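Work through the exercises below with the structure open beside you. Try each task before reading its solution.

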Amino acid sequence: MFPNRPANTSSERDHGGGLDAAMARHGGTRAGWIDLSTGINPVPYPLPDLSGSDWTALPDRNAHAALVTAARRFWRVPDGAAILPAPGASALIARLPALLPPGRVGITPPTYNEHAAAFAASGWAIKDGGQADARVLVHPNNPDGRLWTPKDADADLTIIDESFCDVMPEASLIQLAGQPGRLVLKSFGKFWGLAGLRLGFAIARQDTIGRLADMLGPWPVSGPALRIGAAALSDTAWADRTRTRLRDDAARLDAMITAAGAAPAGGTDLFRLYRVDDAARWQDRLAQRHIWSRRFPYSSTLLRLGLPGPNGWIRLRDAL
């Protein structure tokens, strides 16, 4: 389905976003654009009230403990695993290669490219498949939504990146987090739509979590992030309603885009992947109407779209 190519290294990383470049070419203001280039929930969790001390005091131990307790309950973390909150999953990804001496890491492309960049920067050899000292499984995969199985977690260090798995908790591999050499990553910004909060989690055995905690240093997560994260992870009713809405919106997006001539090529309920005749032309056509999409340097025919917010559907339909 995809070209056989090496995983991205730091010299060729690409991401969603990049509205500044889009505006430089097509005009408009940030508020006037609809950014569908990311997989962030466009209807974010409503922010709870924060106290002044959440902003002015060093992060509170009790607030940290409340966040960890909420995370353990929400993700059904096994008793043998510990939880480390961090300032975003990316902060953890950058440090994971230091858990083992450099060797060979298995990363099957295409996938989220920060993993390969982090390992390459630490002197690891990136390989696609076969035996390896470490392995990265993005589950579900970004951009095609591929799911992995417990049998795929076969390296001494296996990192299971579940940044987009909160739309399908039944598929989670969290049960592996209590096993030696297994580490599950969780991202708060995607499903809860609060990427600017910068909150992520590593879940693994205590010895692994302790080493990562030493790398991050004291107070890695801000007071506001501790409070908001604990409130959101405790609100299971909101999570259930959100999964239903995202599933319906993903189906609505599929119907709209396929009617315009695209073919579904995978994705999750937070982003959809399509095969089109010319991804650059599709992106440019949408950008002329100030709608930003995601295409990839390794394919001229793949286009990824996130979900519009409630006020974006008519504009997207008209742009198509």
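Two strands pair if DSSP finds at least two bridges between them. The model used here is predicted.

**Exercise 1.** Which strands form the open sheet, and in what order?

Solution. Step 1: find the members. The open sheet is formed by 4 strands, and their order is 9-10-13-12. Step 2: read the pairing, which is antiparallel. Step 3: find the edges. Strand 9 (263–267) and strand 12 (294–296) each pair on one side only, which makes them the edge strands.

**Exercise 2.** How many bridges join strand 12 to strand 13?

Solution. Step 1: locate strand 13 at residues 299–306. Step 2: count the bridges between strand 12 and strand 13; there are 3, and the two strands run antiparallel. Step 3: pick out a facing pair. R294 stands opposite R304, a residue of strand 13.

**Exercise 3.** Find the helices that lie against these strands, and give their angles.

Solution. Step 1: take helix 8, residues 236–259. Helix 8 lies across strand 9, strand 10 (271–275) and strand 13. Its angle to strand 10 is about 20 degrees. Step 2: take helix 9, residues 279–287. Helix 9 packs on the sheet and touches strand 12 and strand 13. The direction of helix 9 makes about 40 degrees with that of strand 13.

**Exercise 4.** Why does the radius of gyration agree with a compact globule?

Solution. For 320 residues, a compact globule would have a radius of gyration near 20 Å. Step 2: compare. The protein has 20 Å, so the value agrees. The C-alpha trace spans about 50 × 50 × 35 Å along its principal axes. Taking buried as under 20% relative accessible area, 53% of the 320 residues count as buried.

**Exercise 5.** Describe the annotated domain.

Solution. Step 1: read the record. An unreviewed UniProt entry carries the annotation "domain: Aminotransferase class I/classII large" for residues 139–307. Step 2: describe the span. Residues 139–307 are 33% helix and 23% strand, and their end C-alpha atoms lie 19 Å apart.

**Exercise 6.** Where does pLDDT stay under 50?

Solution. Step 1: begin with the average. The protein averages a pLDDT of 94, and 95% of the residues score at least 70. Step 2: find the exception. Over residues 1–12, pLDDT stays under 50.

Terms used: Residues are numbered from 1 along each chain as its sequence is written. This is a predicted model: local features need pLDDT of at least 70, side-chain atom pairs count only at pLDDT 80 or more; totals for chains, interfaces and linings use all residues. Side-chain values use heavy atoms; hydrogens and water are left out. UniProt positions are given in the numbering used here, feature names are shortened, and annotations may be inferred rather than shown by experiment. Contact means heavy atoms within 4.5 Å. Axes are lines fitted to C-alpha atoms, for helices over the stretch in contact, and angles run from 0 to 180 degrees between N-to-C directions. pLDDT is the predictor's confidence in each residue, from 0 to 100. The radius of gyration is taken over C-alpha atoms; the globule rule is 2.2 Å times the number of residues to the power 0.38. Buried means under 20% relative accessible area, exposed over 50%, partly exposed in between (1.4 Å probe, protein chains only).
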